[in-house]
Amino acid sequence: FAEEDQRRLRDLAARLAGKRVRVRVSNSAAPLVQELYGGQPFTVVPVQARRYINSDGAGRGAMTELLIKAGG
């Protein structure tokens, strides 16, 4: 996803939440994502996710992702 794609996803999630649709997004813990979802109507929960596939073996293992919730 490019930055504009991230913004479009955030905007769609916010519109759906505004219609009382329960929204759940799993996303990277990158600074941009934290900034985009850092306010209402979102609740951001960091979770540990394991990665078993990576071109660099040192990059495999647990990493932080964000579970983003809104609506409903």
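Accessible areas here come from the Shrake-Rupley method with a 1.4 Å probe, and for residues only the protein chains shown count as cover. On that basis, the accessible surface of this chain comes to about 5,000 Å², of which 51% belongs to carbon and sulfur atoms.

Before I go further, a word on the source. The model is predicted, so local features need pLDDT of at least 70 and side-chain atom pairs count only at pLDDT 80 or more, while totals for chains, interfaces and linings use all residues. Residues are numbered from 1 along each chain as its sequence is written, and side-chain values use heavy atoms, with hydrogens and water left out.

Let me begin with the overall layout. The chain contains two helices and three strands; helices (H or I, at least four residues) and strands (E, at least two) are DSSP runs, numbered from the N terminus. Along the sequence they follow the pattern α-β-α-β-β.

The three strands form an open sheet in the order 1-3-2, with antiparallel pairing; two strands pair if DSSP finds at least two bridges between them. Strand 1 and strand 2 (43-51) are the edge strands, each with a single partner, so one side of each has no neighbour in the sheet. On average, neighbouring strands are turned by 30° against each other, direction ignored. Strand 1 and strand 3 are joined over six bridges in the antiparallel sense, and asparagine 27 has leucine 66 in strand 3 as its bridge partner. Helix 1 lies across strand 1 and strand 3, at about 160° to strand 1. For that angle, axes are lines fitted to C-alpha atoms, for helices over the stretch in contact, and angles run from 0 to 180 degrees between N-to-C directions.

What, then, makes up the largest nonpolar core? It consists of 11 residues: Ala13, Ala17, Val23, Val25, Val33, Leu36, Tyr37, Phe42, Leu66, Ile68 and Ala70. Such a core is a set of buried Ala, Val, Leu, Ile, Met, Phe, Trp, Tyr and Cys residues joined through side-chain atoms within 4.5 Å. Helix 1 (3-18), strand 1 (23-28), helix 2 (31-36) and strand 3 (61-70) each supply at least two of its residues, and strand 3 gives the largest share, three residues.

For the chain as a whole, 24% of the 72 residues count as buried, where buried means under 20% relative accessible area, exposed over 50%, and partly exposed in between (1.4 Å probe, protein chains only). Of the contacts between residues at least 6 apart in sequence, 60% join residues at least 24 apart.

Finally, the charged pairs. How many salt bridges does a search of the whole structure find? The search gives three, a salt bridge being a side-chain nitrogen of Lys or Arg within 4 Å of a carboxyl oxygen of Asp or Glu. Arginine 7 pairs with glutamate 3, with the closest N and O atoms 2.7 Å apart. These two residues are four apart in helix 1, and therefore about one helical turn separates them. Arginine 7 is partly exposed at 25% relative accessibility, and glutamate 3 is partly exposed at 43%.

Arginine 8 forms a salt bridge with aspartate 5, at 2.9 Å between the closest N and O atoms. Both lie in helix 1, three residues apart, about one turn of the helix. Arginine 8 is exposed at 52%, whereas aspartate 5 is partly exposed at 26%. Arginine 10 forms a salt bridge with aspartate 11, the closest N and O atoms lying 2.7 Å apart.

Definitions and conventions
Contact = heavy atoms within 4.5 Å.
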